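Hi everyone, thanks for coming. I'd like to walk you through one protein today, so please have a look at the screen.

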Amino acid sequence: MPGPVVAVVGAGQAGFQAASSLRQEGFAGRVVLIGDEPGLPYQRPPLSKSYLAGESGLDELWLRPEAFYEKQDIELVAGDAVTSIDRVGHSLRLSSGVAIECDHIVLATGARCRALPVPGADLDGVFALRTLADADILRERLARARDVVVVGAGFIGLEFAAVAIGAGAAVHIVEVTQQPMGRVVSAATSRFFTKAHRDWGAAISLGTGIARILGDGRRVTAVETSDGRVLAADLVLICIGVLPNAELAHNAGLAVENGIVVDELLQTGAPAISAIGDCANFPTRYALGRVRLESVQNGVDQARAVAARIAGKRVAPYDKVPWFWSDQRDLKLQIAGITVGHDTAVLRGDPDNRSFSVFCFKEGHLLGVESVNRPADHIVARRLLERDPQLSPAQAADESYDLKAHMARPR
């Protein structure tokens, strides 16, 4: 009698980890890892950093070499998208027409770039950055770009801007809000990175949208802002957020709300279907309600949790501390926890020395810590958040207060 079959839909970081962890947990059935991009599963974070800058090569992007999948008996189906889920028949249908019967489905479908709905967005020279193919084109175009406009000042936009400045381009960042990275960081951290980018040479327009993108009929030549200015551009990067790839789940009758809705075990309304990573909307004590997170850590840890459950090793609510990072030239931002919604923020360290942390609290309770070039603070913050930290804002702001000793105190 054949063993159980697990189909992992999506071959990004989360999907790869789910397939790999199933084998690590001793799952002996069939594992099928399905990705709609050609080639081996790869890391996405370097695409907007070292890979884009030409500091790392293609071989360094692969999560594992091709031999790994054969050795682990993981069937890698690359360049073929899943088009439908048959919940009654317990099967998937691929764009190639192939049907795969499976006992459990792990949806790791990720997210896609949000489009900018303005005239001219389809001109040559206007790009998004999400895939290896995107990065390859941008790396080639950036080498000869003179005027770059970055639309959106989130992590990807600022990381790209930092690389473009380093490549010698004139860079103008346009952000519709008043706070770069404002969706994920405090006002203090946002101000610091805004000043850093201006010091590096970028022009930054805040509270400004895009009215249209101008061209010569084929290629981009400029961007017109919502306040009527015309910014020269031979390369435009659109990075105004992402949308979760939840259509497959929706069409299968699963609940979808800002991603695929799952419970504390990362199961959808159909117990044989789980969702993880950027596409999953899940409950967590580290947020003010449910949340969908876009981070490597979240995707990897959720994949491990689901693999352990499917393999029959551990069944427990997912409860990992979320953490994130962004590299922008000589600045490394590391975030532990989710600081959105805080009512108090205190500094530890000195931004003028380019090394500090912002401890964010709500009603006296520590929500998270944003650290710039302070890796020790980041590690301590993650450990503090795993338990009830009982740390006051005054203690956090006092550089002489020993955070490691505080963490070691009995509760």
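I'll start with the overall fold and then go inside to the cores.

First, a word on the model: it is predicted, local features need pLDDT of at least 70, side-chain atom pairs count only at pLDDT 80 or more, and totals for chains, interfaces and linings use all residues. Residues are numbered from 1 along each chain as its sequence is written, and side-chain values use heavy atoms, with hydrogens and water left out.

The protein has 26 strands and ten helices; these are DSSP runs, helices being H or I with at least four residues and strands E with at least two, numbered from the N terminus. Along the principal axes, the C-alpha atoms fill a box of roughly 65 × 65 × 35 Å.

Now, how much of the protein is buried? Of the 411 residues, 51% are, where buried means under 20% relative accessible area with a 1.4 Å probe, protein chains only.

Let's go inside. A nonpolar core here is a set of buried Ala, Val, Leu, Ile, Met, Phe, Trp, Tyr and Cys residues joined through side-chain atoms within 4.5 Å. The largest one has 99 residues, and Leu-92, Val-148 and Phe-160 are among those with the most contacts inside it. Helix α4, residues 155–166, gives this core its largest share, seven residues. A second, separate core has 16 residues, including Phe-361 and Leu-384.

Back to Val-148: leaving out residues up to four places away in sequence, Val-148 touches several residues, including Leu-142, Phe-160 and Leu-235, with contact meaning heavy atoms within 4.5 Å.

Key: Buried < 20%, exposed > 50% of the residue type's maximum accessible area, 1.4 Å probe, protein only.
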